[in-house]
Amino acid sequence: MMLLTVADVTLRALFNTPIHGTFELIELGLACSVYIALPAVFLRDEHLVVDAIDYMVRRRVVRLLDLVAACLSLAVLTAMVLVMVPLARDMSEMGDVTADLSIPKLLYWVPVLLGVAASALCTLIYIARWRKGA
Amino acid sequence: MSNLLIGALGVLVLLAILFLRVPIGVALALVGVCGYAAIDGWHKAFAVLASVPFELASAYSLSVVPLFILMGAVASRGNMAKEMFDAANGLFSGVRGALANATVGACALFGAICGSSIATAATFSKVAIPEMRRHGYEPAFAAGAVASAGTLDVLIPPSVLTAIYALAAEQSLAKLYAACFIPGFLLAGLYVLAIWAVAWIRPAWVPRVPGMRLAERLRAAVGMWKLVLLFFFALFGIYLGWFSPTEAAAMAAFVAILIAFFTRAMGWRGLLDALLESVFTTAAVFFIVVGAFIFSRFIVLTRFPADVSRWVLEAQFSPLSVLLAVMLLYFVLGTFLDEVSTILITVPVTLPLVTGIGYDGIWLGVFVTVMCTIGLISPPTGMTVFVIQAQHPDIPVTRIYLGTLPFLVADFVLVGLLIAFPALALWLPGVLKV
């Protein structure tokens, strides 16, 4: 994303020839980078949480709350996957493409779907590790 | 049950599950989709749950976030903090409170480039606190100065938080950056005044330090070239009409990498670490944005913001009392919520409310950002305070909070000035015509 933008700005400034479809490629890069990294955030438990309660209760209670939070995360992510699949299928059947480069819109949706599904899986692994006391 | 009641209940449930350590993005999405279903049925609620992640996946305006985070991650690894501290120290050398003033100046500039209050506080707690303690500064005050100055990055552009507000409130990022410029540096100035006030009231806390010679000052000032270059690309390029904010972020991140490589401050391993850090941080923030968008659809559906705005107008509360209520809301939320979530959760409600009493959406962005800086140093969960305490365990948290008090007063003075003189935020965007 960074290199593409720098190349686009440089070519536009020096030769008045910007790279065609930069916006669309950057959007694709954003979708890929964010959603592919998302499972790691769930697996490593690197979420932003309000930890005020940590100073009020015992460590065991905090661990139990972590398990409840992971189960809720799993429920939300699973629901997301289940409702996103039909939407992605509809998009695939419609065959929509982007305006400049004619990139199939489905290509933007695949990393989103895979990222959320993998995040659900990683949350499941986190719960399994919790049971083992990791 | 009325929609308004469902909305109020949703907010209460959200606060409760946030308090129980549910990840912020998950909590927002969960309450958002359940609340939406309570009003409009599960079919439409699931449609929102399915569409929002896809819509945001291709939001070009969001790409500014990972790029500025990357620039910050590289700057943190590029040894720039020490050089900025030396340069700022050269500037203030000889004045009482020089080291604390240098900390404020260096944090303001480094924080603007780094973009993370926590990273800025962590970096300067290693650079500035040992230096201040060595010269006899009261440890609590030294820590309080770093904790407070570390929050300046939130306000001084280019700021990731401002980019998040621009996205949530659908405001121009270029205008917001221009609007934050004067209040940001004014706050740094108020911090310097706070240091002088402490030096006057408690001279033992801020002892006089021998001044540097002119040659030493000039040598230290040369270290500022990296910062000047980064500012040029990250900020001035936008107002010269050369780049859009996203392009400016990409150019600045690229230049930061070049500087770090050419000065041998960072190698390939460091670059890989910086890239991974920026991607993981963006993903964590992005999931909160997804949750917040789902939650805001629910809040809009309840007509809670519109009803509150109408109620306020009908009750003919004075604009000042409304702003004080909004201020109180942000102060309370800031004590336990992180600043990104605070903005994403509240803006759907506060934006129509504040614009309804005649204030501007750009002005609100600056106001909210200042309130977020207050949240970062307010008990019980001032994030920058904890970061410093982790690195200096011999200074108790309560003492660090005491050290931040003069700066907290400065924060509230700025809030008062912003309310009294909205032009402090709105004059520059008007002049620059962005």
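Select Asp411(B) first: this residue is buried (under 20% relative accessible area, where exposed is over 50% and partly exposed lies in between, with a 1.4 Å probe and protein chains only), yet Asp411(B) has no salt bridge. A salt bridge here is a side-chain nitrogen of Lys or Arg within 4 Å of a carboxyl oxygen of Asp or Glu. The nearest side chain of opposite charge, Arg399(B), is 19 Å away; Lys and Arg count as positive and Asp and Glu as negative, while His and the chain ends are not counted. Asp411(B) sits in helix H20 (residues 397-420) of chain B. Helices (H or I, at least four residues) and strands (E, at least two) are DSSP runs, numbered from the N terminus. Show the surroundings of Asp411(B): leaving aside neighbours within four places in sequence, its contacts (heavy atoms within 4.5 Å) are Leu187(B), Tyr191(B), Val370(B), Thr373(B), Ile374(B) and Ile377(B).

This is a predicted model, in which local features need pLDDT of at least 70 and side-chain atom pairs count only at pLDDT 80 or more, whereas totals for chains, interfaces and linings use all residues. Residues are numbered from 1 along each chain as its sequence is written, chains are lettered from A and ligands numbered from 1 in the order in which they are written, and side-chain values use heavy atoms, with hydrogens and water left out.

Next, colour the two chains separately. The contact takes 51 residues from chain A and 49 residues from chain B. Together the chains bury about 4500 Å², 81% of it on carbon and sulfur atoms; buried area is the accessible area (1.4 Å probe) that two parts lose on being put together, summed over both. Select Met2(A), Leu48(A) and Val50(A), which supply 16% of the area that chain A buries against chain B, more than any other three residues.

Between chain A and chain B there are two salt bridges. One of them joins Asp66(A) to Arg21(B), with the closest N and O atoms 2.9 Å apart. On chain A, the elements giving two or more residues to the side that touches chain B are helix H1 (2-15), helix H2 (22-43), helix H3 (59-94) and helix H4 (106-131). H3(A) gives the most, with 14 residues.

Move to Glu247(B), whose side chain meets that of Arg12(A) in a salt bridge (2.9 Å, N to O). The pair crosses between chains, from helix H13 (residues 245-262) of chain B to helix H1 of chain A. Glu247(B) is buried, at 7% relative accessible area, and Arg12(A) is partly exposed, at 28%.

Within chain B, select Arg77(B) and Glu277(B), a salt bridge with its closest N and O atoms 3.0 Å apart. Arg77(B) lies in helix H4 (residues 64-77) and Glu277(B) in helix H14 (residues 268-302) of chain B, so the pair ties together parts that are 200 residues apart in sequence.

Then pick Arg310(B) and Glu314(B), another salt bridge, at 3.8 Å between the closest N and O atoms. Both lie in helix H15 (residues 304-314) of chain B, four residues apart, about one turn of the helix.

Finish with the backbone. The peptide bond from Pro157(B) to Pro158(B) is cis, with omega near 0°. Pro158(B) is in the loop between helix H8 (139-149) and helix H9 (160-169) of chain B. Asn16(A), in the loop between H1 and H2 of chain A, has a positive phi of about 55° although it is not a glycine.
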